[in-house]
Amino acid sequence: MPDTPAAPFGVGDVVTFDFPYPDGGTKTRACLVLHEDAGTGELIVVYGTSHLGLHGHPEHALVLREPRLLAQAGLHRPTRFRLDRRIRVRPDDPRFRVSERCGTARLGRLPAWLRLQLPERHARLPRHSLFAERAGIHPVIGRRPPQSGLRASSRMRRPQPGAVASKANLRAKAVSGSQT
């Protein structure tokens, strides 16, 4: 069975794609076609995961939970699409993978009312160069980008008075407590 798609994809299509990791690895997963660039003919494909925890910016997430939406999208479990984690690719990119279940890389499609929201949601994403998007945008989870003019170390929380500052202090307290 070939690994490339047989038909072009459109905005709102849920596809199987070898999504890259920042370290160079990939994983085949359900992804969403968020945007089609009419100027370059490229698609912006966003990361999908069954891990529903909202890390980062929840406004950049699209979560599908309802059984009828999952069925229409061709998904078998609740899925969160991270719109801020994306890659720009050509429609014939070899990283699109044919699903054995469907016989195509296209698993399904979002309903029209959700597809109509995608252009606005795409417009609200942080802007990056075409080069960066082609390499893949991988926002760091759980950390904010450094604020201008501040070093990362100056933004760290200071320990509260009476708080245990390190494992060594915790051990010292435990030892001193056991000797009394």
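Predicted model: local features only at pLDDT ≥ 70, side-chain atom pairs only at ≥ 80, totals over all residues.
Q: Why is the pair of F17 and F19 called edge-to-face?
A: Ring centres within 6.5 Å make a pair, and planes over 60 degrees apart make it edge-to-face. The centres of F17 and F19 are 6.4 Å apart and their planes stand at 70°, so the pair is edge-to-face. The count by this rule is 4 aromatic pairs.

Q: What makes F19 and Y47 an aromatic pair, and of which kind?
A: Their centres lie 5.4 Å apart, and the angle between the planes is 75°.

Q: Why does the pair of F19 and Y47 tie together parts that are apart in sequence?
A: F19 belongs to strand β1 (residues 13-20) and Y47 to strand β3 (residues 43-49), so the pair links parts that are 28 residues apart in sequence. Both F19 and Y47 are buried, and together with F9, F17 and F96 they form one aromatic cluster.

Q: How do you know that R85 lies over the face of Y47?
A: The limit for the distance to the ring centre is within 6 Å, and R85 lies at 3.9 Å from the ring centre of Y47.

Q: How do you know that β3 and strand β5 pair?
A: Pairing needs at least two bridges. β3 and β5 (residues 79-89) have 7 bridges and run in the antiparallel sense, with V45 opposite I87 in β5.

Q: What makes β3 mostly covered?
A: In β3, 7 of its 7 residues are buried.

How values were computed:
Residues numbered from 1 in each chain as written. Heavy atoms only, no water. Phe/Tyr/Trp six-rings, centres within 6.5 Å; stacked < 30°, edge-to-face > 60°. Helix = DSSP H or I, 4+ residues; strand = E, 2+ residues; numbered from the N terminus. Buried < 20%, exposed > 50% of the residue type's maximum accessible area, 1.4 Å probe, protein only. Lys NZ or Arg CZ within 6 Å of the ring centre and 35° of its normal.
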